[in-house]
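Welcome to this short report. Please take a moment with the sequence and the model before reading on.

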Amino acid sequence: DALSLVLGNSTGAMAVKLKAGNFANAIAGIKNIWNKVAPSQPFAYRFMDESFNATYDAEQRLGKIFMVFTVLSILIACLGLFGLAAFNAQKRTKEIGIRKVLGANVAQITYRLTTDFLKMVGIAILISLPIGWYAMNKWLEDFSYRIQIDWWVLALAALLAVGIAIVTVSYQSIKAAIVNPVKSLRTE
């Protein structure tokens, strides 16, 4: 097993690979050589694994921050969609009552109300997926070991968005569809 060590200062650095064993003696030997070769330069070192961990700690913190804001964004979007569905269902109360009187069942009314919102979600997905793919590829370019974003990740995100929209809107649609049509038509 080996350990890598980075020597140098802000103007330049050099990596040294040490064999497993007594690192303190090896570092002391390197320090003696350093003081002979460059006595005016201070001897500073750090282990490469610590440097890598420090670099990726910032990415880990950024990931946690993004996760919190993502959850908050989804909750706010769901509340907005829920309110819009409630408003739409109330606005279309008479239409729903007439459809029920003419023989429409709860599933048909729910389908009709939900498809309007799914069209908007579909347009949002068509706009956001290319932008998200481009932004992720740009962000991943900065890493030495990078991955490709597969198509199924974007498809999964789209399916999750559609699923969340269906669950959010269906509650209000079913609630509006099970109301007695006499009450909605009598208010006229």
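How many cavities of 30 Å³ or more does the count come to?

## About the model

This is a predicted model, in which local features need pLDDT of at least 70 and side-chain atom pairs count only at pLDDT 80 or more, while totals for chains, interfaces and linings use all residues. Residues are numbered from 1 along each chain as its sequence is written, and side-chain values use heavy atoms, leaving out hydrogens and water.

## The cavity

The count comes to one cavity of 30 Å³ or more. A cavity here is a set of points, on a 1 Å grid over the protein atoms alone, where a 1.4 Å probe fits but cannot get out; lining residues have an atom within 4 Å of a point. The largest cavity holds about 30 Å³ of space, a volume being the space filled by probe spheres set on the points.

Its lining consists of Arg 92, Glu 95, Ile 96, Arg 99, Ile 109, Arg 112 and Leu 113. Helix 3 (93–101) and helix 4 (106–140) each give two or more residues to this lining; helices are DSSP runs (H or I, at least four residues). By class, the lining has three nonpolar, no polar and four charged residues.

## Helix 2 against helix 4

Helix 2 (residues 48–91) packs on helix 4 at an angle of about 165°, with the axes 12 Å apart. Helix 2 is therefore roughly antiparallel to helix 4 (angles over 145 degrees, on a scale from 0 to 180 between N-to-C directions).

The contact (heavy atoms within 4.5 Å) involves Glu 59, Leu 62, Leu 81, Leu 84, Ala 85 and Asn 88 of helix 2, and Leu 113, Asp 116, Phe 117, Met 120 and Trp 139 of helix 4. These residues divide into eight nonpolar, one polar and two charged.

Methods:
On a 1 Å grid over the protein atoms alone, a cavity is a set of points where a 1.4 Å probe fits but cannot get out, and a pocket is an open set with protein on both sides within 12 Å along at least five of seven lines; lining residues have an atom within 4 Å of a point. Ala, Val, Leu, Ile, Met, Phe, Trp, Tyr, Cys and Pro count as nonpolar, Asp, Glu, Lys and Arg as charged, and the others, Gly among them, as polar. Angles under 35 degrees count as roughly parallel, over 145 as roughly antiparallel, 65 to 115 as roughly perpendicular and the rest as oblique.
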